[in-house]
Amino acid sequence: MTETKEIKPDRETKEKTKVGNYFVSNYPPFSFWNESDIPCVDSMLNSPSPGTEPLGIYYHVPFCRKRCHFCYFRVYTDKNSNDVRRYLSATMKELKNYADASYLQGRKPKFVYFGGGTPSYLSAQQLTDLTDQMKSIIPWDEAEEVTFECEPGTLTEKKLEAIKNFGVTRLSLGVENFDDHILDINGRAHRSGEVFKAYEFARKLGFENINIDLIAGMLEETDENWSACIDRTLELEPDCVTIYQMEVPFNTTIYKNMKQEGKLSAPVAEWPKKRQWVSEAFARLEEAGYTITSTCTAVKNPATTKFIYRDRLWAGADMIALGVASFGHLGGIHYQNLTHFDQYCEAMESDSPIIRRALMTTEEERFIREFILQWKIGKVSRSYFDKKFKINVSERYDKLFKRWKKAGDLVENGDELMLSRDALLRVDSMLHDLFLPQHQDSRYV
Ligand code: SF4
């Protein structure tokens with residue numbers, strides 16, 4: 001194997017899409033999570049239950065039909081049915097261990113999230129058996145939301161029926177784009193015909209909340225095509241539309257190709273162009289009656305269409321992580337499971353530790369985590385942070401907020417601090433200013 005050099009970000013071309021994670025999804029950054037904090041997770045699990053504190057479950061399905069060129073998740077495209085069976089039983093053993101922990105006694109999940117990978121890669125029977133087992137270990141009867149991520153090409157009417165029957169309330173379709181050439185060139189496994197078919201089945205079955213994921217700035221995206229993608233989205237009238245701006249993290253095929261060709265910038269649109277596409281989509285969605293509810297989401301009816309997983313997690317809820325490479329959060333401790341399939345399964349089978357890294361956060365870090373994540377909704381409540389953390393955010397960030405106000409990015413509205421639309425679309429590039437000094441300029445890996 002030839003060793004290739006890592007490409008260093010080019011600081012002169014700020015608006016180009018350079019390699020690395022752009023979006024802030026947690027805090028402190030993953031590079032600060034470590035092995036020495038792993039025992040804290042066990043101590044927390046052995047401590048008394050906090051009773052009614054909100055709890056969620058994240059279940060990671062690491063299988064996909066094909067690896068998309070922009071994907072940086074831990075996914076496998078080469079596993080057979082024995083591997084899948086092995087994985088499912090390892091995760092059930094993991095859930096049983098949690099169910100026995102004193103910290104989780106008397107607690108039921110308020111939300112359940114099946115993410116991946118591709119949860120819909122599993123068969124209807126596998127999914128039914130899996131969720132029956134999960135519910136028998138920790139009942140879901142108090143769950144306010146069960147989200148399930150799907151790759152449209154894996155869905156049949158029968159599978160969607162099973163998904164509906166085991167209690168999914170929020171069905172999330174990874175559409176990404178409606179153009180077959182763009183889907184192809186970006187390595188997606190599905191085509192647009194499968195999207196329309198799956199959507200029709202899902203609507204017929206009466207799912208409460210159907211979300212469509214799109215990505216602005218996939219390889220070869222154009223103004224015309226993006227506009228056509230918005231047309232198709234509006235025709236479908238989903239309850240929620242989530243639009244990501246394309247980033248190119250290190251662990252992607254796009255980056256591997258860049259390294260081979262010695263390129264510094266990814267062959268995707270620059271950040272201002274991607275923001276313009278999201279802005280156009282938001283404007284057209286608003287015209288059609290949607291409400292913008294975060295830096296990347298628009299919902300048809302905000303009174304009835306919620307995203308409880310996001311809102312609970314961003315307000316500090318506990319979340320059990322199940323499966324390989326899964327991320328969890330318990331009693332202020334972040335953790336991630338082992339990141340290789342065999343390692344994870346072997347560890348579960350031999351009753352060995354399965355956590356790869358953890359971080360016992362301080363009260364101040366927990367405050368910053370919630371504060372930065374809630375900015376992604378576009379507004380924060382001062383009284384919330386005052387009450388929960390005894391921190392006056394206006395005083396603490398006085399200088400920064402003055403700067404944001406001067407630039408037209410921040411508006412005060414009573415208790416609320418709100419971002420302008422323009423700032424909302426680039427909020428991830430602003431959040432680093434809220435980090436503690438030791439966490440500035442760190443990598444999100
Ligand atoms: S479907 Fe999702 S998880 Fe699977 S390879 Fe594509 S981007 Fe990654």
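**Exercise 1. Find how far apart the C-alpha centres of domain 1 and domain 2 lie, and describe the contact between these domains.**

Solution. The C-alpha centres of domain 1 and domain 2 are 26 Å apart, in a model that is predicted. Domain 1 covers 30–312 and domain 2 covers 362–445, with bounds that come from an automatic or database domain assignment. Residues are numbered from 1 along each chain as its sequence is written. Local features need pLDDT of at least 70 and side-chain atom pairs count only at pLDDT 80 or more, while totals for chains, interfaces and linings use all residues. Next, the contact draws 10 residues from domain 1 and 12 residues from domain 2, where two residues are in contact if their C-beta atoms, placed from the backbone, lie within 7 Å.

**Exercise 2. Work out how helix H3 and helix H4 are oriented, and which residues meet.**

Solution. Helix H3 spans residues 124–137 and helix H4 residues 157–165, both being DSSP runs (H or I, at least four residues) numbered from the N terminus. They pack at an angle of about 10°, with axes 9 Å apart; axes are lines fitted to C-alpha atoms over the stretch in contact, and angles run from 0 to 180 degrees between N-to-C directions. H3 and H4 are therefore roughly parallel, a term for angles under 35 degrees. In the contact, Ala-124, Leu-127 and Thr-128 of H3 meet Lys-158, Lys-159, Ala-162 and Ile-163 of H4.

**Exercise 3. Name residues that surround the ligand.**

Solution. Among them are Cys-64, Arg-67, Phe-73 and Glu-151, a residue being near a molecule if its C-beta atom, placed from the backbone, lies within 6 Å of it.

Notes
Helix = DSSP H or I, 4+ residues; strand = E, 2+ residues; numbered from the N terminus. Parallel < 35°, antiparallel > 145°, perpendicular 65-115°, else oblique.
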